[in-house]
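Here is a friendly walk through a two-chain model, meant for reading with the structure open beside you. Please keep the viewer at hand as you go.

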Amino acid sequence: MKKDQESTPSSTSTGGGATTAMRVIVPLQGVVQGRGGLILGSVIPCALFYFFQLYLKRNRSKGGSGENSPPPPPARSPSGTHLQESSPLQRVQSRSLLSPRGGGSSGPAPLLASRADSIAKQADGPYYVGLKRVSEDPYDRSSNPDGVIQLGLAENRLSLDLVQEWLAENAKESILGQDMSISGIATYQPFDGLMELKVAIAGFMSQVMDKSVSFNPSQIVLTAGATPAIEILSFCLADPGNAFLVPSPYYPDLDRDVKWRTGVEIIPIPCRSADNFCLSTTALDRTFNQARKRGLKVRGIIISNPSNPVGNLFNRETLYSLLDFATEKNIHLISNEILAGSTHGSEDFVSLAEIIDSEDFDRTRVHIVYGLSKDLSLPGFRVGVIYTFNENVLAAAKKLARFSSISAPSQRLLISMLADTKFIHLFMKNNRERLERMYNAFVTGLKQLGIECMKSNGGFYCWMDMSGLIRSYNEKGELELWDKLLSVGKVNVTPGSSCHCIEPGWFRLCFTTLSEKDIPVVMDRIRKVSEICKSRS
Amino acid sequence: MRLVVPLQGVVQGRGGLILGSLIPCALYYFLQFYLKRRRSPPPPPPSSPRSPSTSSVNLADLPRSSSRLSLSTRGSIGRVHVSARASSIAKPNTSPYYIGLDRVRGDPYDPVQNPGGIIQLGLAENRLTLDLIEEWLSKHMNEAVLLGGVDGGLSISGIAPYQPSDGLMELKVVMAGFMTQVMGGTVSFNPSQLVLTCGATPAVEILSFCLADQGNAFLVPTPYYPGFDRDIKFRTGVELIPVHCRSSENFVPSIAALDQAFNQAKKRGQKVRGILITNPSNPVGNLLSREILYNLLDFARERNIHIISDEIYAGSVYGDEEFVSMAEILDSEDFDKDRVHIVYGVSKDLSLPGFRVGAIYSFNEYVLASSKKLARFSSISAPTQRILVSLLSDSGFVQDYLQTNKQRIRRLHDLFVLGLEQLGIESTKSSAGFYCWVNMSRLISPYNEKGELELWEKLLDIAKINVTPGSACHCIEPGWFRCCFTTLDDTDVGVVVDRIRNIVETCKSPA
C-alpha cells in the first residue's frame with residue numbers, strides 16, 4: 001500500500017528533458033528530485049527491497065516446515081529393476097568396501113526427531129524428582145522406617161483391601177466367563193472398548209454422580225487411562241500452536257499430557273488464595289484476551305472438578321458462567337471429573353453433564369474425562385473415559401483409541417466387578433468414609449503444627465499453606481522448603497510451583513497412600529522441618 | 001513537463017515511460033499476490049470477532065436468568081470447531097481394507113447361524129491355536145496369577161496401584177526370553193532395552209514420534225501393511241514413501257529402488273529419517289535373507305538413517321526357510337546399533353491381539369528414554385501383565401505352543417494354496433504369517449487399480465468374502481490380494497474356494 005502511494009505521485013511528477021548525457025539516474029529519482037535526490041533515491045528502493053527480503057525470509061522459514069510436500073511420485077521407472085541386477089555385490093565385497101568408510105562406531109550417529117530429543121532430555125521438575133526419590137528409598141514402617149514418605153502421588157490405597165477381597169473371589173470367573181470362552185479376550189476387540197464395559201461404566205458414572213445424570217454408553221470412548229484420554233481430546237480439539245486455558249494451580253502431569261505430542265499450548269488462568277483458588281470470570285476473560293492479543297488461538301478450557309491439587313468443587317454458578325463464556329467465545333470445555341466419586345465433604349459434586357442436561361446449551365462443545373484410577377483405586381488397570389457430545393470428536397477419538405486400547409482381560413474383569421452392585425455400593429460407602437476420616441486426621445494434625453489447609457471437599461490431598469515458613473516469598477523460597485522437606489524431613493510433597501500456582505508457599509500433600517498409623521510420623525517430620533525454618537528466621 | 005517514473009533510469013531509451021511504469025506495477029502486483037497466498041492458508045473462520053466484551057466480566061454477578069436471556073437473544077453461536085487433524089481423521093474410511101472389515105462386522109459368516117454371511121479373510125488374526133491358550137488359562141488362571149505376592153500371599157499392590165508405565169520388569173524379562181525363543185535361540189535380548197506398549201500399533205507410532213519430525217519421511221517397501229498409514233501418519237505428521245517391489249523379484253526390496261526413492265525425496269527437499277520393514281513381510285509372507293538385511297544396514301549407515309524392523313510374525317514362520325532377526329545381524333558384526341529398532345508383540349505369535357501387548361526393542365538410549373516417557377499414553381493394564389508373566393514363564397507350554405502353532409498354520413496354508421491352485425490361481429511362495437499373497441491379475445480387466453477394485457467388490461458383494469486388495473497395501477502391480485486363512489477351519493476353506501470359483505467363472509465367461 002505504501003508503495004502504491006509512492007508510485008502514483010512519481011508518475012505524475014515532472015522533470016527536465018531526458019536527453020542529458022552522462023547523468024546518473026536512479027530509480028525514484030522523480031520522487032526525491034530536489035531533495036537530496038541521488039542519495040535518497042538510491043536508499044529508499046534499497047531499504048524497501050531489504051524489508052521485502054526480510055519479510056519473505058521470515059515467512060518462508062515459518063511455513064516451510066509445516067508444508068506438506070506433494071506425494072512422492074511412484075518409482076515406476078524400469079531402471080529400478082535393472083539397477084538391482086547390477087548391484088548384487090558379494091557380501092564380503094560390500095562389507096570391505098564399507099569398513100574403511102567408517103567401521104564400527106565411527107559412523108555419524110543417526111539423527112533423532114527434535115521432539116524426541118526434547119522429551120528425552122527434558123529435566124524433570126520437582127514433582128518428578130520427588131517421585132523418583134521415593135521410588136529409590138520408599139518408607140516402610142518396619143523394613144525402612146527412615147525412608148521417604150510418599151505424599152506426592154495421587155493414589156488411593158485406603159480401600160484396596162476391599163478390591164483384593166473381591167478379586168480373590170471372582171478373578172477367574174470374571175476373566176474367562178462362566179462358559180470359559182477364550183474368544184472374548186484373546187482375539188481383536190473394538191479398540192475403543194467393549195460395549196459391555198461402556199454400559200457398565202456409564203452406569204457407574206451416574207452412580208458416582210449420585211444418579212443426577214445418566215450417561216449414554218454410545219458417547220463413551222474407553223482409553224488406557226485418563227492420560228491418553230486427555231491427549232486424544234487435545235489432538236481432536238486443537239491444532240499445533242493453538243492453546244487451552246487452564247485454571248492454575250493444576251496438576252503437574254497435565255503439561256506432559258497435553259503439550260508433549262500434540263503441540264498444543266497451555267495458558268494458566270491464575271487463581272488466588274483470596275478467592276479460595278476458585279476460578280474468577282474476570283481472570284478467565286483477561287487471560288483469554290491476552291492470549292488473543294499474542295495471536296494465540298484459544299480452542300478450549302480444561303478444568304478439573306473436583307479440582308486437583310486444591311480439592312474444591314466447582315459450584316453450579318461457576319459452571320454456568322464457564323459454559324456461557326465458552327459459548328460466547330465459541331470454544332470447547334473439557335471437564336476432568338476423574339475424582340467425582342472421591343468427595344468427602346458435605347458439598348455436592350455437580351457434573352458438567354448435569355448442567356448440560358438442565359438447560360439448552362450447545363452440547364457439542366462439552367467433553368468429560370473420567371477413569372477408574374481414582375474412584376475405584378485401580379490406576380494399574382489403566383482405564384480412562386472420554387465422554388463427548390460431539391460426533392466428530394467421537395468419531396476421531398474412536399479411531400485414535402487404537403493407540404491406547406485397554407487389554408481385554410482387564411475389561412472382562414471390570415465388567416464383572418462393576419456389575420456387582422452390592423460390592424460397588426459397599427466400596428463407595430467405605431471409601432468415602434475412610435477418605436473423610438483420613439482427611440480430617442491429616443488436617444487436624446497440620447493445624448496443631450500451625451499450618452492451615454484450604455478447605456477441600458474432594459480428592460486425595462490437602463492443599464497446604466506453608467508460606468509462613470519460606471525464607472524468601474517466591475518460587476526459590478518455596479523450592480528450598482520443598483528440598484528441606486524431602487532431604488531433611490523425608491517427606492515428598494508437591495510444591496505449588498509444579499502446579500503453576502501463582503502464589504508461593506503452597507504444597508499438595510496426598511494422604512491416601514498412608515495408613516492412620518503413619519500420620520504421627522508425617523507430622524513429626526513436618527514439625528522438625530518447620531522448627532528448623534522458624535529457628536532460622 | 002517531463003514524466004518521471006521509477007526505474008526510468010534503468011529502462012531509459014527502450015520505451016522508457018511505459019516499461020518504467022509497468023515493471024514497478026507488475027512487481028507490486030506479484031508482491032501483493034505473494035502476500036495474499038502466504039496469508040490465506042490458515043483461514044479457519046475465526047469466531048466472528050466479538051468485541052472483547054466487558055459484559056462477560058460481570059457474567060458471574062448477573063442473576064442466572066438474565067445472563068441466559070442475554071445470550072439466547074444473540075442466538076446460538078456457530079458450531080464449535082474441531083481441530084483440522086481431527087476432522088480428517090473423523091472422515092469415513094475410504095481404504096477398501098477398512099471398508100471390508102466394517103462390512104464383515106455387519107454380516108459375519110457363521111456356518112450355522114449365518115451361512116450366507118461374509119467370510120473374513122481380511123483380518124490378520126490367528127484362531128488356530130486358541131484352544132491351547134484357553135486350556136492353559138483354565139488350568140492356571142486363578143487369583144494367584146493376578147495377586148501372587150513374593151511370599152506366596154495374596155497382594156493387591158502388584159496390580160491395582162500405579163505401575164511403571166513402560167511395563168513391569170518381570171514382564172520385560174520373560175518377554176525378552178520369549179523373543180529369544182521365538183527367534184530360534186540365536187539372539188539374546190536385554191530386558192532393559194525393552195519398552196512395553198499396549199500393542200504394536202502404539203509401538204510403531206511412538207518410534208515414529210521419536211525418530212522423525214513432522215514432514216520427515218520413512219521409506220517403506222511395498223506392498224506394506226495397510227495399517228501403517230494410520231499408525232504413522234494420523235498423529236505424527238510423518239510421511240511414508242513407498243518403495244516399490246515387484247513380483248518378478250518376489251516382492252523383495254532392492255537397494256537400488258531404496259536409493260532412488262531416497263534421492264528423489266532429497267530432491268524434493270524432504271528429509272528421510274528411516275526405513276520401515278516388516279520381516280516376515282506382511283502382506284507377502286516372505287522372509288528377508290541375511291544378505292538383504294546386511295545390505296539394508298549398509299544402506300542405512302551410508303545415508304545415516306534409522307531402520308525399524310517390525311518382526312511381529314517372527315514366531316509364525318512355518319516354511320523351511322530360517323528367520324533371521326535384525327538383532328542377530330547386529331550381534332554378529334560391529335554395526336553401529338544406535339540406528340536399529342525392533343517392534344514386536346504377542347498379538348500374532350501368541351494369538352493374543354486382545355491383550356494389547358507390544359514391544360519396542362531399541363539400542364539407542366535416547367529413543368529408549370523418550371519411548372519410556374511416551375509409554376504413559378499407551379500402558380498395558382497390570383492384570384494382563386501378570387497373566388502374561390505367568391504364561392510366558394511356563395516355558396514348556398510356550399515351546400509346545402509355538403511348535404503346534406507352526407504345524408497348524410502350515411497345514412492350513414497348504415490346504416488353502418492347494419484349493420486356489422485348483423482354480424488356477426497362484427500365490428507367491430511364502431513361509432510366514434497368517435496369509436497368502438494371491439495373484440488374481442488374470443481375472444481383472446482392465447489391468448489397473450480400477451479393475452482390481454472391481455474384482456475386490458465382486459468378491460465382497462457376490463462371493464461374500466472379504467480380502468485385502470493389493471492397492472490398499474500400495475502394491476504397484478494390480479491384481480494381487482492378501483487372504484488371511486488363520487481364522488478359518490478346514491471346512492471353511494472349502495466354502496471359500498467354492499465362493500471364489502463362482503467369481504472365477506463369471507470373470508472368465510464375458511472374456
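Within chain B, the element with the lowest mean pLDDT is helix α3 (residues 64-73), at 42, and the one with the highest is strand β3 (residues 194-197), at 98. Here pLDDT is the predictor's confidence in each residue, from 0 to 100. Helices (H or I, at least four residues) and strands (E, at least two) are DSSP runs, numbered from the N terminus. Over residues 40-76 of chain B the pLDDT falls below 50, and this stretch has 37 contacts in the model beyond near neighbours in sequence. A contact means heavy atoms within 4.5 Å.

Chain B as a whole averages a pLDDT of 85, with 83% of the residues scoring at least 70. For the complex, the predictor gives an ipTM of 0.83 and a pTM of 0.82.

A word on the conventions: this is a predicted model, in which local features need pLDDT of at least 70 and side-chain atom pairs count only at pLDDT 80 or more, while totals for chains, interfaces and linings use all residues. Residues are numbered from 1 along each chain as its sequence is written, chains are lettered from A and ligands numbered from 1 in the order in which they are written, and side-chain values use heavy atoms, with hydrogens and water left out.

## The two chains in outline

Chain A has 19 helices and 14 strands, and chain B has 18 helices and 14 strands. Of the 537 residues of chain A, 57% count as buried; for the 511 residues of chain B the figure is 59%. Buried means under 20% relative accessible area, exposed over 50%, and partly exposed in between (1.4 Å probe, protein chains only).

Chain A exposes about 22300 Å², with carbon and sulfur atoms supplying 54% of it. For chain B, the accessible surface is about 19800 Å², and 55% belongs to carbon and sulfur atoms. These areas come from the Shrake-Rupley method with a 1.4 Å probe; for residues, only the protein chains shown count as cover. In chain A, residues 24 or more positions apart account for 73% of the contacts with a separation of 6 or more.

## A buried methionine in chain A

Find A:M438 in helix α17 (residues 421-448) of chain A. Why does A:M438 count as buried? Because its relative accessible area is 3%. Leaving out residues up to four places away in sequence, A:M438 touches A:L158, A:F511, A:L514, A:S515, A:E516 and A:I519.

## Aromatic rings and charges

Rings of Phe, Tyr and Trp (its six-membered ring) pair if their centres lie within 6.5 Å; planes under 30 degrees apart count as stacked, over 60 as edge-to-face and the rest as tilted. By this rule there are 28 aromatic pairs over all chains. One of them joins A:Y127 and A:Y128, whose ring centres are 4.8 Å apart with planes at 75 degrees, so the pair is edge-to-face. A:Y127 is buried at 8% relative accessibility, and A:Y128 is buried at 15%.

The rings of A:F277 and A:W506 are also edge-to-face, because their planes stand at 90 degrees, with centres 4.9 Å apart. This pair links distant parts of the chain, 229 residues apart: A:F277 is in the loop between β5 (265-270) and α12 (281-293) of chain A, and A:W506 is in strand β14 (residues 506-510). A:F277 is buried, with a relative accessible area of 6%. Elsewhere, ring pairs link A:W166, A:F423 and A:F427 into a cluster.

A charge sits over a ring if NZ of Lys or CZ of Arg is within 6 Å of the ring centre and within 35 degrees of the ring normal. The charged end of A:R256 sits over the ring of A:Y128, 3.6 Å from its centre. In chain B, B:R230 lies over the face of B:Y98, at 3.5 Å from the ring centre.

## An enclosed helix in chain B

B:R230 is one of the buried residues of helix α10 of chain B. Eight of the nine residues of this helix (residues 228-236) are buried, so it is largely enclosed by the rest of the structure. After α10(B) comes B:G237, whose phi is positive, near 75 degrees.

## Cysteines

With a disulfide defined as a pair of cysteine sulfur atoms within 2.5 Å, the count over all chains is zero. For A:C236, the nearest cysteine sulfur is that of B:C198, 16 Å away. A:C236 is buried, with a relative accessible area of 0%. The sulfur of A:C278 is 7.8 Å from the closest cysteine sulfur, in A:C271, which is too far for a bond. A:C278 counts as partly exposed, at 33% relative accessibility.
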